[in-house]
Amino acid sequence: MKIEKIEIIRLAVPFHSGRENKGPGQQDYNAASSRVTKMETLLVAIYSDNGLCGWGESFGHLINPVTFTALESAVAPFFINRTFDSIEDIEALVKQAEQAFHGFGRTGPVRYALSAIDIALWDLLGKQAKMPLWQLLGGTRNHIGLYPSLVSYDNQPEAVAAQVARVFELGYREIKLHETTREAVAAARETVGSRAQIMVDVNCPWSADEAFQHAQSWADLNLQWLEEPVWPPEDTSALAHVRKAGIPLSAGENAAGDGDLLHLMASGAVDIVQPSVVKVGGITAMLRIFAQARHYPVKVIPHCFYYGAGMMATAQLVALLPEETRLEVPWLQWAPPLHPFLNFQPEMTLPDAPGIGFIPDAQVLKDYRIDLAVCSATKGEHHV
């Protein structure tokens, strides 16, 4: 296949989350914040000379304009007229791109841009082979569990309890919070008792000593894991200190490429690593991480707080992991949904469609698009 055209599509789709929005339309760089009323995503569509289209997604939320520029100005043009027809071809092509752009950071907008392209290449390869990605990669199951990743309810115990009760009643038995006080986390535990697992992502707020104190005070809440408790998130010494409080720790969403994740695994500072397909370098990097993790006493549970092609790629990857591994999904209700798999259920049967199974609603793409660029061998176009 030869890459003939790449479209870069920036969307902002409104959602509901069962909470009071804070601030008059103000947005926030933390997607779980109560200020956020719509969620951005950045999609790429790669068109090949055999008539197929592959979809990818890049990380960024409100930093998407920067990633958009990286894609339009450098990363997408790099891939125009490139050819590939096998897994080995993708690996070689991605390696060339990683080496070409390595001087611009092992994480951040350029890496996010490469992640989107990589996902779309795998989608194309699956479509050419007429196989869903999990099957192309040697998986044996097309059925996975989900866990809802709740937005922040600003540490309000009553609101947290109400939302946890809601998802528990829908059949979910693993629930992630984005709260930072004992009172809010305890409200979740009191709501479900021992009938469900509770995880807490605090988004890197504390020093090592502060995080240790919080972890000690939460020890009796029987958390499945405490996620990214320290700042900076790559401080493995701090993570190792917090881990002594007895709560399993997870981290890795903010790792600088799979090399940084390898360092995290080798440090022994965490129990769970959480690579993000739209940040770390796409499916190619995720597969490298899966292989590396087999040498260390850690679990891999991919991060996924996005809702487009990246979410569907993550679902396919979760199907390669142990059966108890569940797909994280942002617990939001979009109006309207970008694709059918956003109507979440506790379990998901992966689509039979070849590739990653992402088929966006054309009308939603049209109605909620806020930026578009087109790169091809003959021209580059930019539309708003």
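# Contacts and burial in a predicted model

A search of the whole structure, which is a predicted model, finds zero disulfides.

User: What makes F59 and Y112 an aromatic pair, and of which kind?

Analyst: Ring centres must lie within 6.5 Å, and planes over 60 degrees apart count as edge-to-face. The centres of F59 and Y112 are 5.2 Å apart and their planes stand at 85 degrees, so the pair is edge-to-face. By this rule the structure has 10 aromatic pairs. F78, F79, F101 and F104 form one aromatic cluster.

User: Why is the pair of F59 and Y112 said to tie parts of the chain together?

Analyst: F59 is in the loop between β3 (53–58) and α1 (64–79), while Y112 is in helix α3 (residues 109–129). These parts are 53 residues apart in sequence, so the pair ties them together. Both F59 and Y112 are buried.

User: How do you know that the length of α3 agrees with its number of residues?

Analyst: At 1.5 Å a residue, the 21 residues of α3 should span 30 Å. The C-alpha atoms at the ends of α3 are 31 Å apart, which agrees.

User: What makes α3 largely enclosed, and what follows just after it?

Analyst: Of the 21 residues of α3, 17 are buried, so the helix is largely enclosed by the rest of the structure. Just after α3 comes K130, with a positive phi of about 60 degrees.

User: Why is the charged end of K5 said to sit over the ring of Y47?

Analyst: The distance limit is 6 Å from the ring centre, and the charge must also be within 35 degrees of the ring normal. For K5 over Y47 the distance is 4.6 Å. R173 has its charged end over the ring of F168, 3.8 Å from the centre.

User: What makes E174 and R326 a salt bridge?

Analyst: A side-chain nitrogen of Lys or Arg has to be within 4 Å of a carboxyl oxygen of Asp or Glu. The N to O distance between E174 and R326 is 3.5 Å, so the two side chains meet in a salt bridge. E174 lies in strand β5 (residues 174–177) and R326 in strand β11 (residues 326–330), so the bridge ties together parts 152 residues apart in sequence. The structure holds 13 salt bridges.

User: Why do E174 and R326 fall into the classes they do?

Analyst: E174 has a relative accessible area of 14% and is therefore buried. R326, at 29%, is partly exposed, because that class runs between 20% and 50%.

User: How do you know that both faces of β5 are covered?

Analyst: E174 and K176 on one side of β5 are buried, as are I175 and L177 on the other. In a regular strand the side chains alternate between the two faces of the sheet. β5 also pairs with strand β6 (residues 197–201) in the parallel sense over four bridges. M199 in β6 is the bridge partner of K176.

User: What makes D220 and R182 a salt bridge, and where are they?

Analyst: Their closest N and O atoms are 2.9 Å apart, and the limit is 4 Å. D220 is in the loop between α7 (208–217) and β7 (225–227), and R182 is in helix α6 (residues 182–192), 38 residues apart. D220 is exposed at 54% relative accessible area, whereas R182 at 30% counts as partly exposed.

Technical notes
Residues are numbered from 1 along each chain as its sequence is written. This is a predicted model: local features need pLDDT of at least 70, side-chain atom pairs count only at pLDDT 80 or more; totals for chains, interfaces and linings use all residues. Side-chain values use heavy atoms; hydrogens and water are left out. Rings of Phe, Tyr and Trp (its six-membered ring) pair if their centres lie within 6.5 Å; planes under 30 degrees apart count as stacked, over 60 as edge-to-face and the rest as tilted. Helices (H or I, at least four residues) and strands (E, at least two) are DSSP runs, numbered from the N terminus. Buried means under 20% relative accessible area, exposed over 50%, partly exposed in between (1.4 Å probe, protein chains only). The expected span of a helix is 1.5 Å times one less than its number of residues. A disulfide is a pair of cysteine sulfur atoms within 2.5 Å. Two strands pair if DSSP finds at least two bridges between them.
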